[in-house]
Structures are given as C-alpha cells and as structure tokens.
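Hi there,

Here is the structure I promised to pass on.

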Amino acid sequence: MYADEAVPTGDEDPMSAVFSQRCADDPQPVYHDLHDRCPVARAPGMFGGYSVTLSRYDDVLWALKHPEVFSSKDVVKIGNDVPLIPLSVDPPDHAKYRRLLDPQFSPKRMADLEPEARLLVNEIIDEFAANGACDFHEDFATPLPSTIFLALMGLPQDDLPQFLAWRDDTIRPQGDTIEEMEQKREAAGKAIEAYFQGKIEEKRAHPDDRLLSTLVHGEVEGRPLTHAELLGTTHLLLLGGLDTVTATLDCMIVFLAQHPERRRALVDDGSLVAGAVEELLRHQTPVMMVPRIVAQDFEIGGVQLRAGDGATLLIGAANCDRAEFEDASDVRFDRESNRHLAFGGGPHRCLGSHLARLELTVALEEFHRRVPDYELAPETTISFSPGIRQSENLHLRFAVES
Ligand code: HEM
C-alpha cells in the first residue's frame with residue numbers, strides 16, 4: 001500500500017494535524033484519532049518527498065530501536081553547520097560518543113547535584129514568594145535548568161540572556177515568512193558555534209573540572225574530539241539542556257493548576273512526587289515527536305515505506321496508546337508499569353534524563369512546599385507551542401507564605 005491509501009481520503013494530513021495549535025494545546029484527541037484511523041500514515045511531505053508518521057506505541061518503540069531502518073543521520077538541521085553529536089550519528093559510530101558522555105550524566109553524578117539544585121530552587125522562589133504572583137515560565141521554569149546547565153558546563157552565568165535568545169531563535173524563530181525564520185535560525189546557529197569556538201580555546205588553555213573542559217580534554221577511540229565534533233556536541237547540549245526541562249515544568253504546572261485535587265495530593269504526600277514526575281512526563285509528553293529518515297524500503301503496519309521518506313515518531317501518541325497503558329487518558333501518580341517514551345528509546349535515548357528527573361523532582365517538591373495553593377491568574381490564556389510544548393505567559397497567583 002502506498003501514500004494515498006495510507007491516509008483516509010478527505011482527511012486532514014496527519015502532519016498538519018500534529019503540528020496544529022489544537023494538537024499542541026490538547027494532543028490526546030489528535031493522537032487517538034491517528035491510532036484509530038491511521039496509525040501508520042504516509043503522505044506527500046510539506047517540503048517534497050513523502051512523510052511517514054507512526055503513532056502506535058509498539059511501532060514507535062520498534063522504530064526507535066532500529067536505526068538501520070529509521071536513521072537519525074544528519075536529520076536534525078536547526079541552524080547547525082556541523083552535525084549535532086550524538087543525535088545525528090547512527091550506530092555503531094554513535095556509541096563512541098555516548099561512552100564519553102554517559103559517565104558525565106550518570107545517575108550517581110546527577111544525585112550529587114541534589115543539594116545544590118534544592119538551594120537554587122529555593123533562591124528562585126525567594127525572588128517572587130512575597131508577591132503572591134509569578135510568571136512561572138519566565139520566573140521559575142526558565143532560570144532553573146539554565147542556571148544548572150551553565151554551572152555544569154563551567155560557563156559564566158552572565159551569558160544566560162544570550163543563551164536564551166539563541167535558544168528561542170533556534171527552536172521557535174519568529175518571522176513573517178519561512179525564509180525569515182530560517183535566517184534567524186542560521187544566524188543563531190552561527191553565533192552559538194562562534195561562542196563555543198572561543199570557549200573551547202579558553203578551556204584548552206585553562207582546564208577545569210566542568211563538562212566543557214572534560215569534553216575538550218576527553219577522547220573517543222583514543223583520540224581527542226575534532227573541533228567539528230566539539231562544536232556539534234556543545235551545540236546539542238545547549239539545546240537539550242535549556243529548553244526541554246522548561247517545557248516539561250510548564251506542562252506539569254499547567255496540569256496541576258487546572259487539577260487542584262491532584263495538586264493537593266502532592267502537597268499532602270510528598271512520596272507521590274517521583275510517580276507524578278513519570279506520569280506527567282507520559283501524559284503531557286512535552287517533546288511530542290522525534291524525526292528520522294527511512295534508510296531502506298520497509299513495510300510496517302501494512303504500509304510500504306520507501307528509502308528517503310521522512311519519518312516522524314510520535315512519542316506523545318505512543319505514550320497515550322491504550323494498547324500499552326491501561327486507562328491511558330487518566331493521570332495516575334501510582335501507575336505500576338510506566339514504560340513511557342518521553343525521553344525517547346533505543347540508542348538515542350535522552351542523555352540528560354537523570355539530570356531532568358532530578359530537576360523536575362526537586363522543583364515539584366520545593367515549589368509545592370513553598371507555594372501549596374496556586375491557580376492560573378484570570379488574565380492567563382494557556383497556549384502551548386507545537387513540537388516542544390512550552391507555555392509562555394504562565395501567570396500564577398497564590399497565597400503568600402506566612
Ligand atoms: C524533561 C526533559 C527532557 C526531555 C523530555 C528530553 C527528551 C529527549 C528525547 C525524546 C530524546 C530522543 C531524541 C531522538 O531520539 O531523536 C532526547 C535526546 C537527547 N537529550 Fe534529552 N530531554 C530532556 C532533557 C535533557 C537534558 C537536561 C539534556 C542535557 C543536558 C538532554 C540532552 C539530550 C541529548 C544530548 C540527546 C541526544 C542523545 C543521543 O542522540 O544519543 N536532554 N531527549
């Protein structure tokens with residue numbers, strides 16, 4: 001079966017549906033519709049060629065685990081001149097980079113950061129606690145992961161505003177036309193690489209015990225990383241480290257503000273927080289999808305894919321597949337089996353997942369200890385960005401601490 005037969009006639013193209021504002025704001029109805037009517041879709045792509053969309057849990061997990069069919073090679077192009085490492089590299093080469101990077105993000109190393117993270121969360125809350133109001137996205141969800149990331153890398157905190165501007169121009173460039181947005185993205189990419197070029201030279205001359213210096217002086221297969229490899233790695237770390245945790249915190253707090261009884265449960269019983277982090281990662285899936293390219297002709301779910309097709313693995317849709325998760329639309333903090341794919345799966349599974357979990361857990365614990373009763377301010381209209389679901393202007397109001 002080929003393209004036209006894989007998309008029910010007269011229906012909205014699955015990629016348009018998935019990238020719509022309606023889906024970013026409330027993804028599950030779109031995901032369930034795809035499960036029911038078109039779990040493997042193949043249609044002409046927005047930029048030529050064909051585009052494949054997978055939404056079932058089993059198919060998405062299979063695709064994540066089979067890079068020889070669903071390749072990541074050079075698939076992410078967001079203003080980077082050099083391939084993003086390790087995201088844009090397929091096995092077996094991919095493993096050599098993870099061997100260098102994994103120990104830097106190990107559970108033990110991340111657990112050691114906990115006291116510092118807890119202190120930082122409280123310092124951030126101190127800034128607005130007496131006001132009875134905050135813009136959660138701006139005042140909390142943005143500074144928390146960004147400050148930790150710069151400290152981990154060994155980069156000056158003063159550079160944060162510049163990093164955030166580059167992040168926004170890369171992930172959500174503003175512009176009236178696609179060309180304008182692409183130009184913003186490319187300019188940000190060039191600026192990021194120029195910045196790291198300078199910092200890499202600094203760390204080469206003056207090593208320290210932080211991540212950037214470790215990479216500059218580290219080795220893969222008995223040789224130092226090339227300049228292009230260092231730039232590709234640092235560029236990706238910046239994008240991964242700054243945006244995803246912010247988006248996840250936004251998603252979690254919106255849900256908890258809109259469901260006061262679930263928030264109350266967390267306030268009353270802190271032991272629920274770890275389960276809540278996993279369940280809200282599943283239910284909200286802030287990174288909605290990951291891109292791939294079909295590397296060889298292949299049939300999946302009765303649909304024939306062709307080498308060169310673009311592919312979108314809808315991890316958000318996989319995470320609400322009723323065939324994998326009982327009562328998938330319900331949020332259960334005590335869900336027993338929760339093999340969610342919010343961090344991806346297979347060889348490219350998120351490098352920063354232990355850091356993210358630490359930040360999210362400490363954030364939910366401390367925020368609910370200090371600010372147990374909050375609600376969305378009346379002027380707030382929640383709207384999530386498509387692709388990576390973050391919500392700007394997330395105004396909360398709350399009772400001031402006694
Ligand atoms: C809740 C927060 C986060 C979420 C939801 C998330 C999600 C993901 C997902 C879905 C992937 C898989 C991409 C793919 O298969 O194409 C991924 C990969 C990756 N993430 Fe995260 N991420 C988070 C936090 C972080 C943080 C804090 C860092 C770094 C400091 C990070 C660094 C990376 C890197 C380097 C990769 C590529 C791994 C590889 O290709 O081997 N992530 N992440």
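The iron atom of the ligand has a single protein donor, the SG of Cys350, 2.3 Å away. Donors here are N, O and S atoms within 2.8 Å of the metal (3.2 Å for Na, K and Ca), and water is not among the atoms, so sites may look incomplete. Cys350 sits in the loop between helix 17 (315–318) and helix 18 (353–370); helices (H or I, at least four residues) and strands (E, at least two) are DSSP runs, numbered from the N terminus. With 29% relative accessibility, Cys350 is partly exposed. On that scale, buried means under 20% relative accessible area, exposed means over 50%, and partly exposed lies in between (1.4 Å probe, protein chains only).

Before you read on: this is a predicted model, in which local features need pLDDT of at least 70 and side-chain atom pairs count only at pLDDT 80 or more, while totals for chains, interfaces and linings use all residues. Residues are numbered from 1 along each chain as its sequence is written, and side-chain values use heavy atoms, with hydrogens and water left out.

Now the aromatic residues. The structure holds 12 aromatic pairs. Rings of Phe, Tyr and Trp (its six-membered ring) pair if their centres lie within 6.5 Å; planes under 30 degrees apart count as stacked, over 60 as edge-to-face and the rest as tilted. Trp62 and Phe298 are stacked, because their ring centres are 5.0 Å apart and their planes are at 20°. Trp62 belongs to helix 5 (residues 57–65) and Phe298 to strand 8 (residues 298–300), so this pair ties together parts that are 236 residues apart in sequence. Both residues are partly exposed, Trp62 at 30% relative accessibility and Phe298 at 22%.

Phe367 and Tyr374 make an edge-to-face pair, since their ring centres are 5.5 Å apart and their planes are at 65°. Both of these residues are buried. Ring pairs also link Phe367 and Tyr374 with Phe136 and Phe140 into a cluster.

Finally, Asp36 is in helix 4 (residues 27–37) and is exposed, at 59% relative accessibility. Its C-alpha atom is 9.7 Å from that of Arg56, a residue 20 positions away along the chain.

Best wishes
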